[in-house]
Amino acid sequence: MNFLECRGKLFLPSIIGESKKELDKIIGDIDSHYNEWIETKTDKKTGQPKTYLDGTIKQRVIRPSKPQLKRIQKKIKDRILSGIELPKNVHGGVKGKSNITNAKPHQGKKYVFVTDLKDFYPSITSKKVYETFLKFGFNTQFAFYATRLTTWKGELPQGTPTSTHISNLVFLDTDYKLIEICKANDITYTRYIDDLTFSSQKDFQHLIPIFLETVQKDGLKISFRKTDYASNQNITGINVFLNKIDGTDKIIARAKEEENSEAKVKPILNYLNNIRKTNNK
């Protein structure tokens with residue numbers, strides 16, 4: 001029996017090899033263990049700042065943890081969160097998966113629906129994280145420490161090692177509801193963090209309100225600007241076609257520049273090659 005099977009008896013300080021005294025000290029001065037800055041959201045196609053209807057520029061708050069807390073969060077992720085099994089539909093924050101594996105299952109599908117969760121991390125409150133740990137069978141002592149060490153200012157911060165893993169656990173109930181609807185209607189469903197994708201050979205437009213209602217009923221918001229129903233969609237940054245997937249025009253152009261350069265490291269070219277390798281399988 002591994003430690004996750006007896007999670008109700010887990011003592012978090014022991015599992016991550018940190019003293020309770022030291023963790024209490026960090027929790028008592030938690031504000032000093034985070035950085036914070038504001039980033040302007042940019043449109044991936046135009047490179048221009050995104051704006052609301054009234055012209056206000058859209059921004060996101062980045063809150064990465066500082067080295068000491070980041071080291072502890074990595075232990076929580078590696079020793080606890082990564083060991084919790086997730087459905088195969090989930091691709092974000094899962095070892096061996098990526099935006100590429102998220103897009104591939106939708107190749108060749110005639111009808112594709114994509115949508116995005118608005119303010120995903122900020123909408124996940126500390127209370128929700130605490131309740132999620134209890135729901136997974138962890139004891140109150142564990143839930144207290146895990147919540148205080150991974151949330152800040154009452155929410156899940158963007159930029160920490162644990163936020164994606166915790167968001168997956170919080171969204172899991174909604175995942176299973178969507179999976180059941182899709183199974184009953186022969187629809188492929190994947191999720192990459194806050195990007196949800198559905199596809200099928202059959203027209204399922206009549207089910208879209210049900211998908212959106214399911215998500216909203218669980219307290220999450222939909223970004224309707226990123227909601228679309230069409231064929232040949234761009235899914236998590238990957239162009240998906242009938243018989244292949246490929247990088248965007250921008251990625252292909254940058255990869256070509258790298259290929260013709262003398263640079264030893266060519267990350268964009270490697271990324272494009274990884275996308276195209278899936279077409280040979």
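How many strands form the open sheet that includes E7, and in what order do they stand? Three strands form this open sheet, in the order E7-E8-E9, with antiparallel pairing. The points below start from the whole chain and come back to this sheet.

1. **Basis of the model.** This is a predicted model: local features need pLDDT of at least 70, side-chain atom pairs count only at pLDDT 80 or more, and totals for chains, interfaces and linings use all residues. Residues are numbered from 1 along each chain as its sequence is written, and side-chain values use heavy atoms, with hydrogens and water left out.

2. **Overall build.** The protein chain has ten helices and nine strands. Helices (H or I, at least four residues) and strands (E, at least two) are DSSP runs, numbered from the N terminus. The C-alpha atoms fill a box of roughly 55 × 50 × 50 Å along the principal axes. The radius of gyration is 20 Å; a compact globule of 281 residues would have one near 19 Å, which agrees. That radius is taken over C-alpha atoms, and the globule rule is 2.2 Å times the number of residues to the power 0.38.

3. Of the 281 residues, 44% count as buried. Buried means under 20% relative accessible area, exposed over 50%, and partly exposed in between (1.4 Å probe, protein chains only). Take the contacts with a separation of 6 or more: residues 24 or more positions apart account for 71% of them. A contact means heavy atoms within 4.5 Å.

4. **Helix H6.** H6 spans residues 140-150. Its buried residues are Phe142, Ala143, Tyr145, Ala146, Thr147, Leu149 and Thr150. What covers them includes helix H1 (12-16), helix H2 (20-28), helix H3 (67-79), helix H5 (126-135) and helix H7 (163-184). At the start of H6, a side-chain oxygen of asparagine 139 comes to within 3.1 Å of the backbone nitrogen of glutamine 141.

5. A salt bridge is a side-chain nitrogen of Lys or Arg within 4 Å of a carboxyl oxygen of Asp or Glu. The count comes to 15 salt bridges. One of them joins glutamate 18 and arginine 71, at 2.5 Å from N to O. Glutamate 18 lies in the loop between H1 and H2 and arginine 71 in helix H3, so the pair ties together parts that are 53 residues apart in sequence. Glutamate 18 is buried, at 13% relative accessibility. Arginine 71 is partly exposed, at 38%.

6. Glutamate 36 forms a salt bridge with lysine 153, with the closest N and O atoms 3.1 Å apart. This pair links distant parts of the chain: glutamate 36 is in the loop between H2 and strand E1 (37-40), lysine 153 in the loop between H6 and H7, 117 residues apart. Glutamate 36 is partly exposed, with a relative accessible area of 38%. Lysine 153 is also partly exposed, at 48%. Glu36, Arg63, Lys153 and Glu155 are linked in a network of salt bridges.

7. **A pair within H5.** Lysine 127 and glutamate 131 form a salt bridge, with the closest N and O atoms 2.6 Å apart. Both lie in helix H5, four residues apart, about one turn of the helix. An α-helix has 3.6 residues a turn, so residues three or four places apart point the same way. Glutamate 131 is partly exposed at 34%, and lysine 127 is exposed at 56%.

8. **Strand E3.** E3 is mostly covered: six of its eight residues are buried. Six bridges join E3 to strand E5 (residues 195-200), and the two run antiparallel. Here threonine 115 stands opposite leucine 196. Six bridges also join E3 to strand E6 (residues 221-230), again antiparallel. Lysine 118 has lysine 221 in E6 as its bridge partner.

9. **Aspartate 116.** Aspartate 116 is buried yet has no salt bridge. The nearest side chain of opposite charge, lysine 226, is 4.1 Å away. Lys and Arg count as positive and Asp and Glu as negative; His and the chain ends are not counted.

10. Two bridges join E7 to strand E8 (residues 238-240). Two strands pair if DSSP finds at least two bridges between them. Isoleucine 235 stands opposite isoleucine 238 in E8.

Key: A polar contact is a pair of N or O atoms within 3.5 Å; within protein, one must be able to donate a hydrogen and the other to accept it, and residues adjacent in sequence count only if both atoms are side-chain atoms.
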